[in-house]
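I wrote down what I looked up, in the order in which I looked.

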Amino acid sequence: MRKLLFFTVLLLTVINGYAQKKNFSYKFYGQIRTDLFYNSRANEETVDGLFYMYPKDKVYDSNGKDLNATANGSFYVLYSRLGLDLTGPALGKAKTSAKIEADFRGSGTSFSTVRLRHAYFNLDWGNSVLLIGQTWHPLFGEVSPQILNLSVGAPFQPFSRAPQIRYRFTNKKIQFTGAAIWQSQYLSVGLNNVKSQNYIKYSCVPEFYFGIDFKNKHWLAGVGIELLSLKYRTQSTVNNGIEKIFKVNERLTSASYEIHAKYTSEKWYIGAKSILGSNLTQTSMLGGFGITSIDNLTGKQEYTPLRNSSSWINIVYGSKWKPGIFAGYIKNLGARKPVFQVFGTGTDLDRLITAGAELTYNLPHWRFGLEYTYCSAAYGTLDKSNGKIINPRSVANHRIIGVALFLF
């Protein structure tokens, strides 16, 4: 509570100070959000179930009972948030603006602590805009599901906020986007399924995104390509009777492709996205990589990315009362080469299917909603010859979530 009070006082002090400066303006905003949820079984998730992904595989006890077939649920307010939008004096011919936003999601077991969501500034020359700071990953983009679950469609939809330098150029109805991206809160999975910032740090090469969009009054449609190059380690340990340490130069480079579209009007929202993804674990998606060879002398390893095809569609209609449906499908496409071992997220999944329906009641500054989601996960055994999953078997989870928001 002291941290929350300190943060609020500090933010209001900053607002007041900037408000007194010439050519500065601000908008203070936020929300109080409550989430009540129920699951029919244990799931892969974060924030103690608030960020829901997919059901866990069956694990049997000595009597043959499934240990993960256990219902669970809870109630949280962790995604309440505070934010500040600023406009400032011109810098040369560029208009300037900035955003800073925080919530109380914390990390690990330290929930209810302040966490940075967005922190960036814009330089706007009219047709071109340069953004520097942390905001949504470009793969999240301008097309994302309008659903109540806080995962916003992950792992079918990329979900990540990342430090980046992003440039956009708009010419009438065409928009070009280029970005160099790093990692902070959302990290790639490495060897032994450990997440770390070091993989992109030692790479010395940021993640890149390039995209093009067509936009008019009701439609937005576009394509994009993402490039990622990581170094999972800089040394290896070999023990052939005597333990030796060797410096190694290992790198895994992968490319992913996406296509997206949405239609919006006064009452309709129809959105869809499809991704051919390679090693996109930093965006809360399935996938990873495999080891293809090991040098017996130095322990140097070579890698190949695991590929997944992921698609979703979301349809919402209405204004005050807004029913909506969401459906998603992921297929494990394996690897281009034989693998010894694989690491990542959901590497034992052959496919993932989800379908959901929701109803929200919307008033100025208020939103109340109820959502049901069905998710089926097909687990199987790794085929090392191609990285695919064989002999799949399905497990399912039924999730119900109730949400109430006060927005200001």
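I began with the contacts of E250 and, leaving aside residues up to four places away in sequence, I listed L230, K231, R233, G299, K300, Q301 and Y303. I remind myself that this is a predicted model.

Next I looked up where E250 sits, and I found it in the loop between β14 (243-247) and β15 (252-264). Is E250 buried or exposed? I noted a relative accessible area of 2%, and because buried means under 20%, E250 counts as buried. I then followed its side chain, which reaches the backbone nitrogen of Q301 at 2.7 Å and is joined to the side chain of Y303 by a polar contact of 2.6 Å.

I turned to S236, which belongs to strand β13 (residues 235-239) and is buried, with a relative accessible area of 1%. A polar atom of the S236 side chain lies 2.4 Å from the backbone oxygen of T298. With residues up to four places away in sequence not counted, I recorded K244, I245, F246, V248, T298, G299 and K300 as touching S236.

Last, I looked at the nonpolar cores. The largest has 36 residues, and F159 is listed with L50, F51, Y54, Y79, L349 and L352 as having the most contacts inside it. Among the elements that give two or more residues to this core I noted β3 (51-55), β18 (301-317) and β23 (388-407). Apart from this core lies another, of eleven residues, including I200, L228, F289 and I291.

Definitions and conventions. Residues numbered from 1 in each chain as written. Predicted model: local features only at pLDDT ≥ 70, side-chain atom pairs only at ≥ 80, totals over all residues. Heavy atoms only, no water. Helix = DSSP H or I, 4+ residues; strand = E, 2+ residues; numbered from the N terminus. Buried < 20%, exposed > 50% of the residue type's maximum accessible area, 1.4 Å probe, protein only. Polar contact = N/O pair within 3.5 Å; in protein donor to acceptor, adjacent residues only side chain to side chain. Contact = heavy atoms within 4.5 Å. Core = buried A, V, L, I, M, F, W, Y, C linked by side-chain atoms within 4.5 Å.
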